[in-house]
Amino acid sequence: MSESLLKISGGYVYDPANGIDGQVHDLWIEDGAIIEPPTDPNRHPSHILDASGMVVMPGGIDMHCHIAGPKVNVARKMRPEEKRVAEPVPRTSRTHSGTMGSVPSTFATGYKYAGLGYTTAFDAAIPPLSARHAHEEFGDTPCLDKGFYVLMGNNHYVMRAIQQNEPERLKAFVGWLLGAAKGYAAKLVNPGGVEVWKQHQAGNVNRIDQVVDHFDVTPRQIIREMARTVDELHLPHAVHIHANNLGLPGNWETTLETMKSLEGHRGHITHIQFHSYGGGEGDETTFESKVAPLAEYVNAHDNITVDVGQVLFGETTSMTGDGPLGYFLHNIYGTKWFSADTEMESGCGIAPIKYRNKSLVHALQWAIGLEWYLMVEDPWKVVMSTDHPNGGSFLAYPQIIRLLMDRNYREEIIKTVHPAVRQRSQLADLDREYTMNEIAIITRAGPARILGLPNKGHLGPGADADVTIYTTHENQQTMFELPRYVIKSGRILVEQGDIREDFQGKTLHVAPEYATEIETDISNWFEQYYSIRFRNYPVSDHYLPSSERIACTATQQG
Ligand SMILES: [Zn+2]
């Protein structure tokens, strides 16, 4: 008989993946996993958590945030003015000290996510050359299971393989690269556009069919070929796409073309709020929401999922692998700005940003994000995100939950923002209110399914015992801000915001099979062009003291 058998008794359980919608239900936990209720009457739990009257859900999953790697680290150093005034995170007997601001330190990031009931998070943009750095920061990010997406949309080897029409070479390279970086998914950021930025002063692509010089490929080709490759490698998560023209008026047509360019392959379009704008080029007076036609397309196509990238009012830091975007923001707002290129792999841009509710553009961005949640009919296709910290902090998730669940509250806030929101978006006319079950879908069950994580986002036998227990409250923001208990891998890690132990989660990664003959070619490529030798490039196992390899067995949907 196991030493530790935990029973969570009497809570209202929301486990949408298993069809449980608020029914009272006991959970049993052993060795870090959910188990079937014991049939042996002599097996007694070593500990009982009384959840009577409380809401029980799987731990939250943030599928798109920026919490590790070089750009996050630069952003921390770039914003001392925020760190000086932010509430300190003092050291305790069980936890490290940390700092907040829009880009919290590593330890504070782990503690704050856990305190909010989130137990898994994925950094969305790591240059593979910086994978080691990201894994080292993960080592200092407690409480969470985590992983990252590998930037590939402007990788010279990728573009060259597409240019030379060598799909098998592309497939082998993508498989090798993900395994070498110990990453989780393939990420495209402004495919082709970052390369043009590197080649030309203030350069970018402005159409999905614009040719990237030197490589003679278009963004459409990169997206289509990468989507097909990811499906052929059976990666658990679809190709993760930050589309071209982020933030620009009129970009919705590029976004629609991006969806079509998948040609039926799986694709996840990230922070889609930033890609759903109507209006003329550079003309703020015509800026408007184009969520309706895009959501209609998502509703009709099962190969596409999205996360929102909700904007919240206040000050934050924009950080992106989209080099030209950082320059664009710097030019608009006149802020300090950081830009960097990573050899033949990617770019990076960082700039502070303050979203103001009286600004026409910012108020519309806020409304457009909410429209996405409310206009995608199937909650399994849309995931809660702020693109932390780009649209706002992950700490704003409880506020977004209230905006979705409470129409009266939403109406009150609409009254405080720029009045043009009523004419240029449909938000004020949408009366949909999310149910508790739907919130459980867009914050845990849905992202787990979209990421292809079989043991996350649900509470059936075999699931990782990541469980969040909330005290009910009529104000949903209050309820979701401070869970009563957070259980991570079967341990009661957080009680009412108080971290009880300094627990390290595991790193989730993939290791796809690939044609190993390609290594000779990649080795030659490294000898010619890289600052690092081929044999020193792959991340070795000791960078991941605790890890789980997720199988590449996905079959295409849609
Ligand atoms: Zn992002």
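Student: In which loop is Glu263 found, and why does Glu263 count as exposed or buried?

Tutor: Glu263 is found in the loop between α9 (252–261) and β11 (267–269), where helices (H or I, at least four residues) and strands (E, at least two) are DSSP runs numbered from the N terminus. Its relative accessibility is 52%, and since exposed means over 50%, buried under 20% and partly exposed in between (1.4 Å probe, protein chains only), Glu263 counts as exposed. The C-alpha atoms of Glu263 and Ile223 are separated by 9.8 Å, although these residues are 40 apart along the chain. This is a predicted model, in which local features need pLDDT of at least 70 and side-chain atom pairs pLDDT 80 or more, while totals for chains, interfaces and linings use all residues. Residues are numbered from 1 along each chain as its sequence is written, and side-chain values use heavy atoms, with hydrogens and water left out.

Student: How do you know whether α5 and α8 are roughly parallel or perpendicular to each other?

Tutor: Helix α5 (residues 156–163) and helix α8 (residues 219–232) pack at an angle of about 95°, with their axes 10 Å apart. Angles under 35 degrees count as roughly parallel, over 145 as roughly antiparallel, 65 to 115 as roughly perpendicular and the rest as oblique, and α5 and α8 are therefore roughly perpendicular. Their contact (heavy atoms within 4.5 Å) is made by Val158, Met159 and Ile162 of α5 together with Gln221, Ile222, Glu225 and Met226 of α8.

Student: What makes β15 and β16 edge strands?

Tutor: Three strands form an open antiparallel sheet in the order β15-β17-β16, and β15 (314–320) and β16 (338–342) are its edges, each pairing on one side only. Two strands pair if DSSP finds at least two bridges between them, and seven bridges join β15 to β17 (residues 346–355). Within this part of the model, Thr320 stands opposite Gly349 in β17, and helix α1 (residues 70–78) lies across β15, β16 and β17, running at about 40° to β17.

Technical notes: Axes are lines fitted to C-alpha atoms, for helices over the stretch in contact, and angles run from 0 to 180 degrees between N-to-C directions.
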